[in-house]
Amino acid sequence: MSTTLTLTEWRTTSGLALTPAQVRLLQRTFRAKVEAESWAEDGTVRWAVTPTSIVGAASADGAEVMVRPKTPVGNVLFLLGVAAGREPDTVLDDVVQLAHVPDLTSAVAALYARVTERVLQDGVLRGYRPVSETRHTVRGRVDVAEQLRRRPGRGAPIAVRYDEHDEDVLENRLLLTAARALTRLRPHLDVRRRLHRIVAALDDVTPLRIDGPVPDVAWTRLNVRYRPAVDLARLVLRGSGLDLALGDTVAVGLTVDMNSVFERFVCSALADVLSERGGRPAPQDTTWRLDERGTVHLRPDLVVYDARGVPSVVLDTKYKVTDGTSVPPPDVYQMLAYCTALALDRGHLVYARAEGVPALVVRHGGPVIEVHSVDLSVPPGDILRQVRDLGSRMS
């Protein structure tokens with residue numbers, strides 16, 4: 001019977017007796033700092049472990065590891081929901097309903113089940129999808145190139161291509177794959193039953209095999225009602241660490257990188273505020289270069305353009321706590337590069353807790369780099385108010 005090793009994000013735990021499988025999970029899945037601390041005469045090693053910003057749970061080779069977030073689970077759910085593009089007020093209602101869920105894995109699974117049940121209430125989406133196959137009768141149009149490649153000069157079966165109208169579309173395949181993956185994580189029995197009902201509702205759908213980037217969905221008025229659930233499914237599948245290859249083994253888990261979640265949350269919430277005030281937000285803008293030759297690529301977390309298409313705001317998020325007096329020099333250099341390339345006299349760094357840090361004024365007429373703080377320990381509604389106030393000040 002395996003015992004779950006429970007740790008806390010960014011908190012060092014010393015004197016741990018770890019199995020090789022646990023060491024692999026910590027290093028490869030959670031990117032934790034694992035250091036040998038002492039050796040006993042019998043060869044037993046004691047380890048000191050410091051998890052990073054990756055939280056959640058994973059298991060492999062009988063080893064189970066859980067890293068708890070330093071932020072309350074309900075707050076993490078709220079950040080995840082807004083980061084996935086859902087309306088903040090709707091996410092707040094869900095967080096209130098899920099406040100009793102004790103751990104992050106069960107909480108994410110419960111949130112996903114709740115959102116997906118809501119979109120499936122109006123029926124399972126149907127749509128057209130391209131099909132290429134061989135048949136003994138012609139349907140659609142003959143695929144001449146494929147027929148010549150596979151059966152030159154011969155008759156049936158015939159290679160054909162046509163559009164099928166059914167439920168086996170990408171949107172449903174994403175929902176099904178995420179539901180099945182979350183079921184394997186053994187969430188609370190009630191949540192597991194709800195996930196099973198989602199899988200049953202999508203019985204005619206083929207699950208996806210995720211070997212690379214999670215496929216994106218093209219949104220139209222015909223499928224937009226699915227967006228809250230699909231965006232959450234993509235977030236789970238993209239950042240979950242499901243079926244992670246660890247050497248000759250496979251790890252099953254749900255892990256979330258709080259760096260990415262914090263960045264997506266701040267940019268999504270700010271984009272709403274700045275759009276209302278006439279700005280055009282561009283998250284992860286890759287159009288800018290630092291040098292004249294265009295060889296130094298830049299990617300600010302958020303650039304806001306005015307009505308003329310000129311950048312008016314540049315922002316970068318940092319999921320870390322400062323010492324209360326200054327910010328790390330690399331962060332300053334990074335923002336200085338952004339302001340220089342975008343010809344802005346002001347840039348913004350947004351930290352998770354950076355109270356009391358004054359703005360930096362670069363010498364010789366350089367830009368002002370403002371430092372902002374978002375306290376993630378307060379209730380979700382207060383977190384949202386902090387970011388909206390920040391957007392109002394920026395605009």
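Select α3 (88-97), α4 (104-120), α8 (227-239) and α9 (258-276), each of which supplies at least two residues of the lining of the second largest pocket; helices here are DSSP runs of H or I of at least four residues, strands are runs of E of at least two, and both are numbered from the N terminus. The model on screen is a predicted one, in which local features need pLDDT of at least 70 and side-chain atom pairs count only at pLDDT 80 or more, while totals for chains, interfaces and linings use all residues. Residues are numbered from 1 along each chain as its sequence is written, and side-chain values use heavy atoms, with hydrogens and water left out.

**The second largest pocket**

On a 1 Å grid over the protein atoms alone, a pocket is an open set of points with protein on both sides within 12 Å along at least five of seven lines, whereas a cavity is a set of points where a 1.4 Å probe fits but cannot get out, and lining residues have an atom within 4 Å of a point. The space in this pocket comes to about 660 Å³, a volume being the space filled by probe spheres set on the points, which are joined across faces, edges and corners. If you colour the lining by class, you will find 10 nonpolar, 4 polar and 12 charged residues, where Ala, Val, Leu, Ile, Met, Phe, Trp, Tyr, Cys and Pro count as nonpolar, Asp, Glu, Lys and Arg as charged, and the others, Gly among them, as polar.

A search of the whole structure finds 2 aromatic pairs. For one of them, select Phe262 and Tyr319, whose ring centres are 5.9 Å apart and whose planes stand at 50°, so the pair is tilted; rings of Phe, Tyr and Trp (its six-membered ring) pair if their centres lie within 6.5 Å, and planes under 30 degrees apart count as stacked, over 60 as edge-to-face and the rest as tilted. The pair links distant parts of the chain, since Phe262 is in helix α9 and Tyr319 is in the loop between β14 (311-318) and α10 (329-342), 57 residues apart. Phe262 is buried, with a relative accessible area of 0%, and Tyr319 also counts as buried, at 6%; buried means under 20% relative accessible area, exposed over 50% and partly exposed in between, with a 1.4 Å probe and protein chains only.

Not counting residues up to four places away in sequence, Thr50 touches Trp10, Arg11, Thr12, Ala32 and Lys33, where contact means heavy atoms within 4.5 Å.

In strand β6 (residues 63-68), select Glu64, which counts as buried at 17% relative accessibility and whose side chain is joined to that of Thr4 by a polar contact of 2.8 Å.

Ala282 in strand β12 (residues 280-283) comes next, buried with a relative accessible area of 14%. Beyond its neighbours within four places in sequence, Ala282 is in contact with Asp301, Leu302, Val303 and Tyr305.

Arg31, in the loop between α1 (20-29) and β3 (33-39), has a phi near 50°, a positive value in a residue other than glycine. His364, in the loop between β16 (360-361) and β17 (368-373), has a positive phi too, near 60°, and is exposed, with a relative accessible area of 84%.

Finish at Gln386 in helix α11 (residues 380-394), which counts as partly exposed at 22% relative accessibility. A polar atom of the Gln386 side chain lies 2.8 Å from the backbone nitrogen of Asp375. Between Gln386 and Ser373 there are 8.5 Å from C-alpha to C-alpha, at a separation of 13 residues in sequence.

Methods:
A polar contact is a pair of N or O atoms within 3.5 Å; within protein, one must be able to donate a hydrogen and the other to accept it, and residues adjacent in sequence count only if both atoms are side-chain atoms.
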